Amino acid sequence: QTLLILEDEYAEALDWNPISKELTQGMQRYGVPVIYGKFQGSPERFRTADGMIYHLDELEDQRRGILLLLFTDGKVFHRPQTGFALESLARWPKLAWIELDSQKFREKTYQKFGDESVSLASKNKIPIYPGTSEGLIQAVEKFTTEQGKSKEAFSQEKHFISQADAKYDAW
């Protein structure tokens, strides 16, 4: 299995939350195949450290063997040009939204104020986890221990993925 880490270059939280880079470095040290890319606007097109530009659809036939972790604060998905990006991403069988602004989870502001970014992910049935070490563990465990369950099964069961704050449905 390959780990695809896509980092939202416009996410302000990257200034104080370097968890995506730390995860990449740690997994590479353990010999896990990692593709680390940064995107601007839409994760459907991303750039790797060597400067190469890739499109997610180039990995289409390999996606069952790829765990895609999307590190973002979600603000880029409110732009008109990224309208269908989440719908396209939602087709990936092993996808997790890692919310870089984990303050939202601690304060549960996404529930109080109906955070639009989290709402978009939830509407597209994309599981959301806080950008913390605990959140990453929960995300990875979900896809390594419950591979037999689809996202639709979780949605129909109203099943909470984590025992902490990261829920399949943000509501």
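This is a predicted model: local features need pLDDT of at least 70, side-chain atom pairs count only at pLDDT 80 or more; totals for chains, interfaces and linings use all residues.
How many bridges join strand β3 to β4, and do the two strands run parallel or antiparallel?

**View 1. The pairing of strands β3 and β4.** Strand β3, which comprises residues 45–48, is joined to β4 by three bridges, and the two strands run antiparallel. Within this pairing, F46 stands opposite Y54 of β4.

**View 2. The aromatic pair of F46 and Y54.** One aromatic pair is found when the whole structure is searched. The ring centres of F46 and Y54 are 5.8 Å apart and the ring planes lie at 25°, so the pair is stacked. Two quantities are used here because a pair of aromatic rings is described by the distance of the centres and the angle of the planes. The two partners are also shown with their accessibility. F46 counts as buried, with a relative accessibility of 2%, whereas Y54, at 29%, counts as partly exposed.

View 3. Seven strands make up an open sheet of mixed pairing, in the order β4-β3-β2-β1-β5-β6-β7. Strands β4 (53–55) and β7 (128–130) stand at the edges; each has a single partner strand, so one side of each lacks a neighbour in the sheet. On average, neighbouring strands of this sheet are turned by 30° against each other, direction ignored.

**View 4. Helix α6 on the sheet.** Helix α6, formed by residues 133–145, packs on the sheet and touches β5 (66–72), β6 (95–99) and β7. The direction of helix α6 makes about 145° with that of β7.

**View 5. The surroundings of K94.** K94 is located in the loop between α2 (85–89) and β6. A polar atom of the K94 side chain lies 2.9 Å from the backbone oxygen of R64. With a relative accessibility of 12%, K94 counts as buried; the cut-off for this class is under 20%.

**View 6. The whole protein, for orientation.** The secondary structure comprises seven helices and seven strands. From the N terminus on, these elements follow the order β-α-β-β-β-β-α-β-α-α-α-β-α-α. The protein has 171 residues, of which 49% count as buried. Of the contacts between residues at least 6 apart in sequence, 71% join residues at least 24 apart. The protein exposes about 9,000 Å², and carbon and sulfur atoms supply 49% of this area.

Technical notes: Residues are numbered from 1 along each chain as its sequence is written. Side-chain values use heavy atoms; hydrogens and water are left out. Two strands pair if DSSP finds at least two bridges between them. Helices (H or I, at least four residues) and strands (E, at least two) are DSSP runs, numbered from the N terminus. Axes are lines fitted to C-alpha atoms, for helices over the stretch in contact, and angles run from 0 to 180 degrees between N-to-C directions. Contact means heavy atoms within 4.5 Å. Rings of Phe, Tyr and Trp (its six-membered ring) pair if their centres lie within 6.5 Å; planes under 30 degrees apart count as stacked, over 60 as edge-to-face and the rest as tilted. Buried means under 20% relative accessible area, exposed over 50%, partly exposed in between (1.4 Å probe, protein chains only). Accessible areas come from the Shrake-Rupley method with a 1.4 Å probe; for residues, only the protein chains shown count as cover. A polar contact is a pair of N or O atoms within 3.5 Å; within protein, one must be able to donate a hydrogen and the other to accept it, and residues adjacent in sequence count only if both atoms are side-chain atoms.
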